[in-house]
Amino acid sequence: MSPTPDNEPHSTLEVSERDPETFQKEVIQYPDHSYPQAVPVEQAAAGAAHSFYSPESAKEVVQAPHNAYGGAGVLGAPYKDPNGMGGAGYNNGYPAGAFYADGSIYPNSAYPNSNYPNSAYPNSAFPTSDGSQINPNGGQIPPTDEKAGKKATICGLPRKTFFILLGVGIALIALIAGLAGGLSSKNHSGSKEVSSSGSSGSTNGTASSNTTENLILANSKITASNWTDSSGVIHRTVFFQDIYNSIIARRWDSKGNSWVTNNLTQLMAATTTPLNPQPGTPLASASMDLDPTYETHVWFTDPTNTIRSMASFDALNRPDSWDNDTLDGAVLQTWPGSGLAAMWQRCRHASCNGTWVVAYQRPEGAIKTANSSTWASATVAVESQDVAANSSLAIIPQLDGTFLDRLELVSEKVASGQTGDMRVTTYNDTWNGADQRVTELQSGIPLPATSQQFAITKWDSWNQALYLSLLQGGSIRGNHWDGKTMNNITSFNFKSGPDANFTSIAMTPDAMFYGITNNQIVEYSLDTTDPSTFNYVGVVFP
């Protein structure tokens, strides 16, 4: 029995009596922001040492590291290629086999000084185990036909040589695979500029074959907006969700003539307000061009059906910088499956910066519009009895004489148990009496579905308009207001482009059309002399 230890057994684990919520927690205060921010692994790997904040604003402005386009802490290809591999090689090869200096596997004898070193039968005529005789002077006389014992081999090669070659082969395979993955991910990294063969401003002729790589979320919606700076440069932004559920912004301007990508979800991943959009969230966007102020905003919903927003508050000088727009703390709750629509409305007075307007369906069913003057005080635009559940929405400014300070709101009303009517309601300084300012656009259309969407654009100094509906099954119908009368358009010609199998559509106020089809986003320009025709421009993404 073991002797009793001198001391009683005890644990070396020390338990602190301090508050675990405050003890041993390190907080680093950045000089330009009061909240500690974590840097995600993806951004740290990309070279980011901390989150980026703008010192001139109290709002969180997160700049993407120069090579960080990986996703929201969880993104892979096309922004951080999942196919890249760092194959595990053999650092030191395999250990040498159990060989002895003479090349044998086992010693010839365990008893070198024995008279019968290798035999269990000392009286045998051939006392050794291999049949050789004993040398009278000591030692063993090998038989005349004995050959030296062979070393163990694999595939005809010594074990050590075989394993060295095997290790080299595996390392070469890993290197080749790694190079292939790196080349594949080169075109999908970070916030990047990509030369676009069919970017706005130059047509691309006949469309190329469809891509087979799926980089867009299957039920992603799409939204687009445009603005023009004081130099006459046109800027456009298209928003959608990628396969990782991240919100992606694709930006283009007529000076650079190429598309640039920002992953908004990844940009906010390290902040205290990370994005968490619903898969297939409704999307709405708008832009402001009131020199010297240029902004672009996008709205979406989170899993609680609450409206969230991101904004580029200096779209001209810092287009890669995006903020969380808090909507002044307003909680805008939507009907599950509600559509969204947004616009920027100019003021009559030069001293006013205009108003951001967002239309959505409330949980009780009515369509409301919230605006940036008082986000929390949303106003009923369409009563619940006049709108279908999950109605698609579209909104656009409307002229009031020479001022562009009114708006039009498109929604759907249930006409029967099987069909609905697409209608436009006009805002005339107030929504009061709006039910008396309704124009029916399309009757007998299918009831709302997740794939159904409305879109609007205007031209001719805002005097002509085109109202589009993407219906179940992919068919597109429209209405053209020529300034005097409303004309139905039952079919459209998408010239020179890929198959018009659209799952989502959007239009900018300057008559540009965008659609998701066959795993890519394509761009068309409206032929304003024939509003039933769209001319193919090129591929926006990928």
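Strand β9 is mostly covered, with six of its seven residues buried. Buried means under 20% relative accessible area, exposed means over 50%, and partly exposed lies in between (1.4 Å probe, protein chains only). Strands here are DSSP runs of E with at least two residues, helices are runs of H or I with at least four, and both are numbered from the N terminus. This is a predicted model, in which local features need pLDDT of at least 70, side-chain atom pairs count only at pLDDT 80 or more, and totals for chains, interfaces and linings use all residues. Residues are numbered from 1 along each chain as its sequence is written, and side-chain values use heavy atoms, with hydrogens and water left out.

β9 pairs with strand β8 (residues 234–241) in the antiparallel sense, over seven bridges. Two strands count as paired if DSSP finds at least two bridges between them. H235 has D253 of β9 as its bridge partner. Five residues separate β8 from β9 in a hairpin, and N245 in the turn has a positive phi of about 75°. β9 also runs antiparallel to strand β10 (residues 259–263), joined by five bridges. Here R251 is partnered with V260 in β10. The hairpin of β9 and β10 has five residues between the strands, and N257 takes a positive phi near 55°.

Which residue meets R251 in a salt bridge? The partner is D320, at 2.6 Å from N to O. A salt bridge puts a side-chain nitrogen of Lys or Arg within 4 Å of a carboxyl oxygen of Asp or Glu. This pair links distant parts of the chain: R251 is in β9 (residues 247–253), D320 is in the loop between β13 (307–312) and β14 (321–325), and they are 69 residues apart. R251 counts as buried because its relative accessibility is 14%. D320 has 28%, so D320 counts as partly exposed.

## Other charged pairs

The structure holds ten salt bridges. One of them joins D386 to K413, with the closest N and O atoms 3.5 Å apart. D386 lies in the loop between β18 (379–382) and β19 (394–400) and K413 in strand β20 (residues 403–414), so the bridge ties together parts that are 27 residues apart in sequence. D386 counts as buried because its relative accessibility is 15%. K413 is partly exposed, at 25%.

E408 and K458 also meet through their side chains, at 3.4 Å from N to O. E408 is in strand β20 and K458 in strand β23, 50 residues apart. Both E408 and K458 are buried. Elsewhere, D400, R406 and D429 are linked in a network of salt bridges.

R423 is found in strand β21 (residues 419–427). Not counting residues up to four places away in sequence, R423 touches several residues, including D386, K413, E440 and L441. Contact means heavy atoms within 4.5 Å.

## The nonpolar cores

The largest nonpolar core has 20 residues, and L468, I476, F502, F513 and F534 have the most contacts inside it. Such a core is a set of buried Ala, Val, Leu, Ile, Met, Phe, Trp, Tyr and Cys residues joined through side-chain atoms within 4.5 Å. The strands that each supply at least two of its residues include β23 (453–459), β24 (464–470) and β31 (533–541). Beyond four places in sequence, L468 touches residues including M422, F454, I476, F513 and F534. A second, separate core of 17 residues includes I216, M512, I521 and V540.

## The β25–β26 hairpin

Strands β25 (residues 476–481) and β26 (residues 486–489) run antiparallel, joined by four bridges. N479 stands opposite N488 in β26. The hairpin has four residues between its strands, and G483 in the turn has a positive phi of about 105°.

## The whole chain

The protein chain has three helices and 31 strands. Of its 542 residues, 44% are buried. Among contacts with a separation of 6 or more, 53% are between residues 24 or more positions apart.
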